[in-house]
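Trainee: I would like to take a close look at one part of this model, going slowly through its contacts and charged pairs. Could you walk me through that part once the sequence and structure are in view?

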Amino acid sequence: MSEKKGGAALGRFGRVAGVTIGTNLKVADNSGAKVVMVIGIPGVKSRLRRRPSATVGDLVVVTVKKGTTELIGQVLQAVVIRQRKPFRRSDGRWLSFEDNACVIIAPDGTPKGTEIRGPMAREAAERWPRIATLASIIV
């Protein structure tokens, strides 16, 4: 019989996943959306009835809950740039933010907004360099 491992559930890249389906995210750019809800996480295959999860730097499918009237109800793609749940960096430090936030992107990977409010995680900046050019602070 194998022993069970305890501790935090690590995501695809060895980081703690803090965003699941149904999570409300704050939109950190000026695309017109204010609050979005995660409705899908592409590329995640998991066990039956287990909620797929994402972490900083992952692509998610969202629907707009608050924002301009043209955007409400639309299904868009976004990248998670901040998460409230602490995650471990490769140097051993643990990092968390005060909110869950994302940036809305077009299907080709370019951001829809022209600026990003608040800090952005370095893990997301390394995976998405086009988004990193808009960030004022990279932590």
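Trainee: Leaving aside its neighbours within four places in sequence, which residues is Met120 in contact with?

Mentor: This is a predicted model, in which local features need pLDDT of at least 70 and side-chain atom pairs count only at pLDDT 80 or more, while totals for chains, interfaces and linings use all residues. Residues are numbered from 1 along each chain as its sequence is written, and side-chain values use heavy atoms, with hydrogens and water left out. With contact taken as heavy atoms within 4.5 Å, and with neighbours within four places in sequence set aside, Met120 is in contact with Ile81, Ala125, Ile131, Ala132, Ala135, Ile137, Ile138 and Val139.

Met120 is also named, together with Ile81, Phe87, Ile116 and Ile131, among the residues with the most contacts inside the largest nonpolar core, which has 20 residues. Such a core is a set of buried Ala, Val, Leu, Ile, Met, Phe, Trp, Tyr and Cys residues joined through side-chain atoms within 4.5 Å; buried means under 20% relative accessible area, exposed over 50%, and partly exposed in between, for a 1.4 Å probe and protein chains only. Two or more residues of this core come from each of β6 (75-82), β9 (101-105), β10 (116-120), α1 (122-127) and α2 (129-132), where helices (H or I, at least four residues) and strands (E, at least two) are DSSP runs numbered from the N terminus. The most is given by β9, with three residues. A second, separate core of 17 residues includes Leu25, Val27, Leu71 and Leu76.

The side chains of Glu123 and Arg89 meet in another salt bridge, at 2.8 Å from N to O; because Glu123 lies in α1 and Arg89 in the loop between β7 (87-88) and β8 (94-95), the pair ties together parts that are 34 residues apart in sequence. Here Glu123 is buried, with a relative accessible area of 10%, and Arg89 is buried as well, at 6%.

Technical notes: Salt bridge = Lys/Arg side-chain N within 4 Å of Asp/Glu carboxyl O.
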